[in-house]
Amino acid sequence: MPRAFLVVMDSVGIGGAPDAGTFFNGDLPDLGANTLAHIAQACGAGKADEGRSGPLNVRHMERLGLGAAMRLASSVPFPGLDTEPQGRWGSASELSRGKDTPSGHWELAGLPVPWDWHYFPDQSPSFPEDLTAFVAEQAGTDGILGNCHASGTVILDDLGAEHMRTGKPICYTSADSVFQIAAHEETFGLDRLLKLCQAIAPRLHAMKVGRVIARPFIGSADQGFTRTTNRRDFAITPPAPVLTNWVQDAGRKVHAIGKIGDIFSMSGINTLKKGADAQLMEHLFDAVETAEDGSLTFANFVEFDSLYGHTRDISGYARALEWFDAEIGRLLPKLRNGDMLLLTADHGNDPSWPGSDHTREQVPVLIAGLDAGPVGQAKFADVAASIAAHLDVPAQGPGKSFL
């Protein structure tokens, strides 16, 4: 019985979506953003040589059709290998009005978001007074810090010491529909932070804020602050069945790797493995070895986005792509006959673009385990329909299989 492995390379976009001009980073529209192309161009020009050097080396994904997918999406030639794709390849664009994690993942799982998300204004304060009072009450403090749009790493430098001195949680947002709370794992307490986020999540979800995100960190003012891997997303549960439910309802197993469990509130998921991306890759290798016949393994690798996209670190993003590609090269020979490995992304986060937010982009669709050939220009929801077709389980929603 066939198995499926759906792997999301968080934020690895391949060119502006058709409606990119209506999405903004500050005052600049996303039209022209291209995460992969701009990284590859910087590498080719010798402008991304921190910890690496030379042209971007992602030869395994290129052989699956990565360069061809980017040319299809944006008509931009891929600087590097120019091989005939050995996988099934294409691009996909999104219907949902968002460029965030839930919008992308829900739609990849077959469910375009059926409402408009709530976004907090890019001003200070960003949050309404009644909401900040509620958060402070739940935290047991006499106020909060932050209350603004901010980079998650920069705000730790700005407010980490004050947070440790006052005990007030650092609350901030971005261009995404999120309410994020940063707190020190030791002085504030990790359990306390998670309980705080869980307590306020229903109120934020009622406002159609997509996620409340716990952002624990460690360190000191003298040595600097570092976010830990104990992040947790408290997301709205999808309002209709998605791919994970379709597979589970057919009596099959669904294994989640990374933040997939948080994104779908564990709906339709049997097992969950978390950790940093290096650990997640180990979990993916384990799943290829042990996952049951007929099962779905759904993975997200977040560090492209969280460590390098938002911080606009082109060299770091390139290093992460090359590491990931090398690991995929080792993984491909381990797939069984009948397995399908589908690599894609949920949005863009062009590290060459102004601002620090996601970019509205098309994403690659790269499939190993099937006959080579073009998928064409698909929709996000087609990914779910195609995986359902491969696993021979009933699909729902607007997607159409491209197999």
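Among contacts in this chain between residues at least 6 apart in sequence, 69% join residues at least 24 apart, where contact means heavy atoms within 4.5 Å. Before we go on, a word about what you're looking at: this is a predicted model, in which local features need pLDDT of at least 70 and side-chain atom pairs count only at pLDDT 80 or more, while totals for chains, interfaces and linings use all residues. Residues are numbered from 1 along each chain as its sequence is written, and side-chain values use heavy atoms, with hydrogens and water left out.

Let's start with the overall picture. The chain has 13 helices and 16 strands; helices (H or I, at least four residues) and strands (E, at least two) are DSSP runs, numbered from the N terminus. Its radius of gyration is 20 Å, close to the 22 Å that the globule rule gives for 403 residues, so the chain is as compact as a globular protein of that length. (The radius is taken over C-alpha atoms, and the rule is 2.2 Å times the number of residues to the power 0.38.) Taken along the principal axes, the C-alpha atoms fill a box of roughly 60 × 50 × 35 Å. Buried residues make up 59% of the 403. Here buried means under 20% relative accessible area, exposed means over 50%, and partly exposed is in between (1.4 Å probe, protein chains only).

Now for how helices pack. Two packed helices are described by the angle between their axes and the distance between the axes. Axes are lines fitted to C-alpha atoms, for helices over the stretch in contact, and the angles run from 0 to 180 degrees between N-to-C directions.

Helix H12 (residues 314-331) is a handy place to begin. The axes of H12 and helix H10 (residues 277-290) come within 11 Å and cross at roughly 15°. H10 and H12 are therefore roughly parallel to each other; angles under 35 degrees count as roughly parallel, over 145 as roughly antiparallel, 65 to 115 as roughly perpendicular and the rest as oblique. H10 passes H12 in a right-handed crossing. A crossing is right-handed if the near helix is turned clockwise from the far one by less than a right angle, and left-handed if anticlockwise. On the H10 side, Asp-277, Ala-278, Met-281, Leu-284, Phe-285 and Val-288 meet Trp-323, Phe-324, Glu-327, Arg-330 and Leu-331 of H12. By class, that contact has eight nonpolar, no polar and three charged residues. Ala, Val, Leu, Ile, Met, Phe, Trp, Tyr, Cys and Pro count as nonpolar, Asp, Glu, Lys and Arg as charged, and the others, Gly among them, as polar.

H12 also packs against helix H1 (residues 35-44), at an angle of about 105° and with the axes 10 Å apart. H1 and H12 are therefore roughly perpendicular to each other. Thr-35, Leu-36, Ile-39, Ala-42 and Cys-43 of H1 touch Ile-314, Tyr-317, Ala-318 and Leu-321 of H12. This contact has eight nonpolar residues, one polar and no charged ones.

Helix H13 (residues 380-391) is mostly covered, with eleven of its twelve residues buried.

Most residues other than glycine have a negative phi, and most peptide bonds are trans. Just after H13, however, Asp-392 takes a positive phi of about 60°, and at 65% relative accessibility Asp-392 counts as exposed. Lys-208 has a positive phi of about 65° although it is not a glycine. You'll find Lys-208 in the loop between H7 and strand S8 (211-220), where Lys-208 is partly exposed, with a relative accessible area of 30%. Ser-75, which follows H3, has a positive phi too, near 60°. As for peptide bonds, a cis one joins Ser-124 and Pro-125, with omega about 5°. Pro-125 lies in the loop between helix H4 (101-108) and H5.
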